[in-house]
Amino acid sequence: MTRFCSALCFVLIITVVFEILPSHADNAVPVLLWGGSVNSDLATSAVNPFLKTTSEEFDLFLRKKLENSPPVLLYVKDNLCIEDLVKHKQHLQKVTTGDSLHYFPAVEKAASTVEDLPSYNQTYNDYMDSISDGQLLIVSISNLDIIPETYKTIRDSNPNLIAVLTGKACSYRRSERVKRDNYKENASEPFIVISPRVLLYSSQGLLVKSENGKAAISLPLNANVTEDTRASSLNLQLAFQGTDALIYKHELVFMFEVRTAGYYTFKTANYTYYTGTNSTNKKSKEQSLTTDTDIVFPFNFSYHCSQYIIFKNNFTLLNITNLQVQIDPKYDNTSRTKIFDDAYDCVGFTTIPIWTGIFVTSILALIIIWALTMIIDIRTMDRFDDPKGKTITISAQE
């Protein structure tokens, strides 16, 4: 039992340590430095976002930049990360524009390095209007939006002013940076196809799930549309650009057939994808997908279904959300576009809720009728005994 408790405590300690390390092991913070005279040796150059600057390297840079002891204004924020600079970039661009801007994505102990500069007199004051050469003004801030106003006030008194923005730490956790799902980008926008004969609508982008259990792919909202009209069928061909580096193009063919006179039937959709590039692409085997939903609608009517329409086979699945489609839709002169006619809905008039209501109402009606029958059948006494008369005798037949 003692060994088990010791092992459990060891596992808990290791778990806590690994949870703490990602947050506190990396103490590097970004640094923005601007102002002063332009130094050709320290001209702004391309920045490697993965480069980490040590405190010794940053100290050498500062000594070379501040060799004439210009006034330095140091903005220090308790928590500063690159995400904060990006969020407030519009306010920072008002004061950091120019050739004398220097940016370091990650510097170790940046605030301490600036504060330990020799030959500089340190001053902690948030409301100074001017500083002189050889003076270091340290201002603690909690909001980056106040930098333009305070910087311009002090810069007017000394044009050689150099400003430095950094932080004490960066407390963003790695777990907060979550990769976005690529198929959710078009989730809130509808997919619409307007061709010479077909008008098709889906409240979301079409989703395709290929074989081997891969994640669902959201097809782009824009597609190249062509039609193939035959005697008893109409094929709507949709070509989509590839969604990743492996797939160059997706193709869908919606087949509308006239199996019954006066009615269109939408039962089959063919799916094909191409791998490679435009010049060297390889076509996959065409897959025929069918749906269990009975999609049948008459001429001059549209078909609508708010449920998920799924076309599938043993390997591939196509999902269409809130489908509405019509062959040869009418043209509206007011809106100058094609519009849907009255719709045949996939849900009939007698839906499950309607049948449930009828069933419950019928039971209640039967109970009420039975109760009324029992009440009506109640018989009250119509004869009473007379103490001075003959006793009333009631036979079994009565």
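Mentor: C305 and C346 are joined by a disulfide, with a sulfur-to-sulfur distance of 2.1 Å. Keep in mind as you look that this is a predicted model. A disulfide is a covalent bond between the sulfur atoms of two cysteines. Turn the view until you look along the S-S bond: the angle about the bond is 75°, and the link of C305 and C346 is right-handed. Now follow the chain away from each end. C305 sits in strand β18, which covers residues 302–312, while C346 belongs to the loop between β22 (343–345) and α7 (352–376), so the bond ties together parts that are 41 residues apart in sequence.

Are the two ends buried or exposed? C305 is buried, because its relative accessible area is 0% and the cut-off for buried is under 20%. C346 has a relative accessibility of 26%, so this cysteine counts as partly exposed.

How many disulfides does the structure hold? There are two. The other one joins C81 to C170, with 1.7 Å from S to S. This link is right-handed too, with 115° about the S-S bond. It connects distant parts of the chain: C81 is in the loop between β2 (72–79) and α3 (82–87), C170 is in the loop between β6 (162–169) and β7 (191–194), and 89 residues separate them. Here C81 is buried at 1% relative accessible area, and C170 is buried at 16%. If you number the bonded cysteines in sequence order, the pairing reads 1-2, 3-4.

With a relative accessibility of 42%, V360 counts as partly exposed. Together with F359, I363, L364 and I367, V360 forms a nonpolar patch on the surface, and the accessible area of the patch is about 480 Å². UniProt, in an unreviewed entry, lists residues 354–376 as "transmembrane region". In the model that span is 100% helix and 0% strand, and its end C-alpha atoms lie 32 Å apart.

Most residues other than glycine have a negative phi, and most peptide bonds are trans. N300 has a positive phi, near 65°, and is not a glycine. N300 is exposed, with a relative accessible area of 55%. D328 also has a positive phi without being a glycine, near 55°. You can find D328 in the loop between β19 (317–327) and β20 (330–332), and D328 counts as partly exposed, at 35% relative accessibility.

Strands β13 and β14 form a hairpin with two residues between them, and G262 in the turn has a positive phi of about 85°. β13 (residues 247–260) also pairs with β12 (residues 233–241) in the antiparallel sense, over nine bridges; S233 stands opposite E257 of β13. On the β14 side, the pairing is antiparallel over 11 bridges, and L252 has Y271 in β14 as its bridge partner.

Definitions and conventions
Residues are numbered from 1 along each chain as its sequence is written. This is a predicted model: local features need pLDDT of at least 70, side-chain atom pairs count only at pLDDT 80 or more; totals for chains, interfaces and linings use all residues. Side-chain values use heavy atoms; hydrogens and water are left out. Two strands pair if DSSP finds at least two bridges between them. Helices (H or I, at least four residues) and strands (E, at least two) are DSSP runs, numbered from the N terminus. A disulfide is a pair of cysteine sulfur atoms within 2.5 Å. Buried means under 20% relative accessible area, exposed over 50%, partly exposed in between (1.4 Å probe, protein chains only). Patches are made of residues with over 30% relative accessible area and no salt bridge: like charges are joined within 9 Å, nonpolar side chains (Val, Leu, Ile, Met, Phe, Trp, Tyr) within 5 Å. Accessible areas come from the Shrake-Rupley method with a 1.4 Å probe; for residues, only the protein chains shown count as cover. A salt bridge is a side-chain nitrogen of Lys or Arg within 4 Å of a carboxyl oxygen of Asp or Glu. UniProt positions are given in the numbering used here, feature names are shortened, and annotations may be inferred rather than shown by experiment.
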